[in-house]
Every structure is written in structure tokens, then in C-alpha cells.
Amino acid sequence: HRLTATTLEARVNGGSTGPVTVPSQNLTNVNPLVIGASSFVAPGPNNPLASSQIAEIVMVSGSASTKEVTDLEDYFKKKYSLAF
């Protein structure tokens with residue numbers, strides 16, 4: 001999840017993998033917007049990233065509190081029967 005405009009944090013089983021700084025990107029005029037993998041090459045052995053599946057995306061306007069992030073993690077664990 002996004003911590004600041006250019007800092008992201010991946011979370012696994014309620015724990016942080018640590019913050020990562022990324023360049024900012026203005027998405028106002030991006031068409032089409034691609035989430036997951038972006039390539040003009042068809043999914044397959046030459047483009048394995050584009051062949052993954054994204055089950056669900058949650059977008060939040062503004063910042064998510066620690067409790068909201070924890071609630072989302074719990075929601076996904078229950079919905080997708082995730083066990084760690």
C-alpha cells in the first residue's frame with residue numbers, strides 16, 4: 001500500500017516487507033491504465049509477468065489507517081481462504 005506519494009509498502013501475512021521508494025507518475029492522461037503488467041507482447045513464455053492473475057483490487061482515496069489496512073488483510077484472508 002502507498003505510504004507517501006513515492007513510498008510503497010508490500011505486506012505479507014500482516015507484516016511489512018519494508019518501504020520502497022518509487023518515482024511518482026501522473027496518471028491523469030494515461031490511457032489505457034494497466035495494473036499488474038504492461039506490455040505490447042502477448043502473455044506467455046516471452047512475457048511471463050503479463051500472464052499473472054489479479055483477483056481483486058481495492059482503491060482508496062487518501063490514506064488508509066493501520067486499522068483499515070489490517071481490516072483489509074483480514075477480509076482477503078477470509079474471502080480467499082488464505083492460510084499462512
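Which residues does Leu-3 touch, not counting residues up to four places away in sequence? Select Leu-3 and you will find Glu-9 and Pro-19, where a contact means heavy atoms within 4.5 Å. We will come back to this spot after a look at the whole chain.

**Before you start**

You have a predicted model open, so to speak: local features need pLDDT of at least 70, side-chain atom pairs count only at pLDDT 80 or more, and totals for chains, interfaces and linings use all residues. Residues are numbered from 1 along each chain as its sequence is written, and side-chain values use heavy atoms, with hydrogens and water left out.

**The whole chain**

Switch to a cartoon view and look for one helix and three strands, in the order β-β-β-α along the sequence. Helices (H or I, at least four residues) and strands (E, at least two) are DSSP runs, numbered from the N terminus. Next, colour by accessibility: buried residues are 7% of the 84 in the chain. Here buried means under 20% relative accessible area, exposed over 50%, and partly exposed in between, with a 1.4 Å probe and protein chains only. The exposed surface comes to about 7000 Å², with 57% supplied by carbon and sulfur atoms; the areas come from the Shrake-Rupley method. Of the contacts with a separation of 6 or more, 18% link residues 24 or more positions apart.

**Stop 1: Leu-3**

Return to Leu-3, in strand 1 (residues 2–4). Its relative accessible area is 40%, so Leu-3 is partly exposed. Draw a C-alpha to C-alpha distance to Pro-19: it reads 8.0 Å, across 16 residues of sequence.

**Stop 2: Thr-7**

Now select Thr-7 in strand 2 (residues 7–12). Is Thr-7 buried or exposed? Thr-7 counts as buried because its relative accessibility is 16%. Leaving aside neighbours within four places in sequence, Thr-7 is in contact with His-1, Arg-2, Pro-19, Val-20 and Thr-21. Show side chains too, and you can pick out a polar contact of 2.8 Å between Thr-7 and Thr-4. Such a contact is a pair of N or O atoms within 3.5 Å; within protein, one must be able to donate a hydrogen and the other to accept it, and residues adjacent in sequence count only if both atoms are side-chain atoms.

**Stop 3: the aromatic rings**

Finally, select Tyr-75, Phe-76 and Tyr-80, which form one aromatic cluster. The structure holds two aromatic pairs. The Phe-76 and Tyr-80 pair is stacked because the ring centres are 6.2 Å apart and the planes at 25 degrees. Rings of Phe, Tyr and Trp (its six-membered ring) pair if their centres lie within 6.5 Å; planes under 30 degrees apart count as stacked, over 60 as edge-to-face and the rest as tilted. Phe-76 is partly exposed at 21%, and Tyr-80 is partly exposed at 33%.

How values were computed:
Accessible areas come from the Shrake-Rupley method with a 1.4 Å probe; for residues, only the protein chains shown count as cover.
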